[in-house]
Amino acid sequence: MAMTFHLDVVTAEQALFSGTVEEVIAPGIMGDLGIMPRHSQLISKLRAGELQYRTTEGAMASLFVSGGVLEIQPHVVTVLADTGMRAEDLDEAAAREAMKQAQDALQGKDPEDLDYEAIQSELEAAKAQIEMLHRIGKLRGH
Amino acid sequence: MAGGKEILSQIKSIGNTKKITKAMEMVAASKMRRAQDRMKASRPYADKMRQVVGHLANGHLEYKHPYTQTRETVKRVGYIIMSSDRGLCGGLNVNLFKKALQSIVEWKKQDVEVDICVFGAKASAAFRRYGIVAQKTHMGDAPKVADMVGTIKVMLDAYEEGRIDRLFLVENEFVNSMTQKPQVTQLIPVVASAVDSIKHHWDYLYEPESKEVIDALMQRYIESLVYQGAVENVACEMAARMVAMKSASDNAGKMISDLKLIYNKARQAAITQEISEIVAGAAAV
């Protein structure tokens, strides 16, 4: 039997995934992290992007996370995402709309009263969603 | 017919009150269901967060976050008190305030000053005399983290600057729709989880700097706990209101049936009297 570990993905609104996996690829803030069983303890911030995991059936599944914190203990990996979505719930039109709004906000307003960080992270989240959709789309042969 | 009309109008007015309490009961019941869903949805995050922070408190980290360090001397403590905005929910708020006061009085006995931060109009009114430093009211039935961050930050800053040495959260725990339990929990310094403590020395790898990650994590930790408290408090409020309104409706029903009995007796007495007067009159002729 292949080595496995437990993965929990939770957001402030819901629990997205909880189960046994063989491998996780997480979007760390300093680059993607590939996590195998018995990984050393690690704690990292996450950027917006795709979180992939291989379940015990061997198939790769993926989730979208918009940032948060990842904690690794040798047999448990916990992802505390700010917000997240299942891949099948992603909506390209909505993501494009969000991206457009964020770009408009960056250009339109007075830079003094602009919450630059919040808009920037929204923009990045939208971009990451579109990127992820394209990757999945290619895999499915669209 | 003595007082017949008055009794009738009283029955009608109690009937109107009963209609209102019945409606409030049903509204509270449906709001409670939604609040419970929200509470359940955010619970896994709070649980996992507590677990991770428990690991942190047990590990031997290179960077000691102020929230994980217990200060020896306590000169001033902070309280975050959750309450509802509206009344008519039985003893929910009163019980909570009693619990909070007990704990506050204990600190005062040891010559420790108290700073209070309140959520909800009821607590704001009740603790006005005790020194409120921050408050937020009217957050609605679905509180948002963004609305609460500013108020919480006042207390967190006070802790970091050393103005307060402990921070407590006072909120109602939702046991079930009939039972709500007021409780006082210590937010900071963080209490280490004793459950799965790891014996040997270890430290995390950090990406990026340890300070940056831990700071971000700790802020989210406090936010998630307070948010969980707020969501749970809404569920408690609705449950308590539902029960209070149900007993009010039941009482109104009982009063109506009692009054009806009195009214019918009075009517019967009047009829009997009239008949006996007529009979007596006929006999006299």
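In chain B, Phe119(B) stands opposite Lys136(B), a residue of strand β3(B). This model is predicted: local features need pLDDT of at least 70, side-chain atom pairs count only at pLDDT 80 or more, and totals for chains, interfaces and linings use all residues. Residues are numbered from 1 along each chain as its sequence is written, while chains are lettered from A and ligands numbered from 1 in the order in which they are written.

Strands β2 (residues 113–119) and β3 of chain B pair in the parallel sense over 4 bridges; pairing requires at least two bridges found by DSSP. Helices (H or I, at least four residues) and strands (E, at least two) are DSSP runs, numbered from the N terminus. An open sheet of 5 strands in chain B has the order β3-β2-β1-β4-β5, with mixed pairing. Its edge strands, β3 (132–136) and β5 (180–188), each pair on one side only.

Contact means C-beta atoms, placed from the backbone, within 7 Å. Axes are lines fitted to C-alpha atoms, for helices over the stretch in contact, and angles run from 0 to 180 degrees between N-to-C directions.

| Helix | Strands of chain B | Angle |
|---|---|---|
| α2(B), residues 92–109 | β1, β2, β4 and β5 | about 40° to β5(B) |
| α5(B), residues 210–284 | β1, β2, β4 and β5 | about 35° with β4(B) |

The contact between the chains takes 21 residues from chain A and 21 residues from chain B. On the side of chain A, β4(A) gives the largest share, 4 residues. β4(A) runs parallel to strand β6 (residues 205–207) of chain B, joined by 3 bridges; there, Ile43(A) has Tyr206(B) as its bridge partner.

Conventions:
Contact = placed C-beta atoms within 7 Å.
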